[in-house]
Amino acid sequence: MSIQYSNITKILKEYGIRPDKSLGQNFLTDPAIIKKIAGIAGIQKQDTILEIGAGIGHLTIELAANSSRVVAVELDHRLIPILREHTSGFDNVEIIPGDILELDLKQLSLPHRYLVVANIPYYITSILIRHLSETSHPPESMVLTIQREVAERICQPPGKLNLLAISVQVYGEPGIRAHIPAGAFYPAPDID
């Protein structure tokens, strides 16, 4: 299936929506970056993906095209109609309106093995990682688009670790797999 990436500013304008700074909304718009994120996640056709912050569905569509199931969680109720419209051609996408930090992952009926792929706002990075890592049913892997500076701190060697880095490294092996320029987002953030 050919994936079409629509002009996000046009779509948001049609729905009368402006990105909400308080939610840390910066939408991925670059098709090459979206494909790269899915590739980094190592998605296989039998995989179930938990996507956090699905937005209007550009990444969701890429994930759905390459996996058996996508559980797309979106906090902003204004985006749900757009997300439903953009993913309507995929019967393997389940949209969950809500806050991932308040959801019991058991209620999402995720299989034993699932992956997390998310473009998350800076302000929930540490609490989200902890929420996903400490659940009784953690993901096999997580691919998170986060602030470059935070990613670099998480990947520090022993002796230079902060609390977030220690908590991440207790549960897994962090690594920086790609750098995404600010211009790949709308609106473009002030940081990489």
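Contact here means that heavy atoms lie within 4.5 Å of each other. The structure is a predicted model, in which local features need pLDDT of at least 70 and side-chain atom pairs count only at pLDDT 80 or more, whereas totals for chains, interfaces and linings use all residues. Residues are numbered from 1 along each chain as its sequence is written, and side-chain values use heavy atoms, with hydrogens and water left out.

Beyond its neighbours within four places in sequence, Leu-63 is in contact with Ala-38, Ile-43, Ile-49, Glu-51, Val-70 and Val-117. Leu-63 and Ile-37 have the most contacts inside the largest nonpolar core, which has 26 residues; such a core is a set of buried Ala, Val, Leu, Ile, Met, Phe, Trp, Tyr and Cys residues joined through side-chain atoms within 4.5 Å. Buried means under 20% relative accessible area, exposed over 50%, and partly exposed in between, with a 1.4 Å probe and protein chains only. Apart from this core lies another, of 24 residues, including Leu-50, Val-71, Tyr-114 and Val-116.

Helices (H or I, at least four residues) and strands (E, at least two) are DSSP runs, numbered from the N terminus. In strand E2 (residues 48-52), Thr-48, Leu-50 and Ile-52 are buried on one side, and Ile-49 and Glu-51 are buried on the other. In a regular strand the side chains alternate between the two faces of the sheet.

| Pair | Sense | Bridges |
|---|---|---|
| E2 and E3 | parallel | 5 bridges |
| E2 and E5 | parallel | 4 bridges |

Leu-50 stands opposite Val-71 in E3, and its bridge partner in E5 is Val-116.

Definitions and conventions. Two strands pair if DSSP finds at least two bridges between them.
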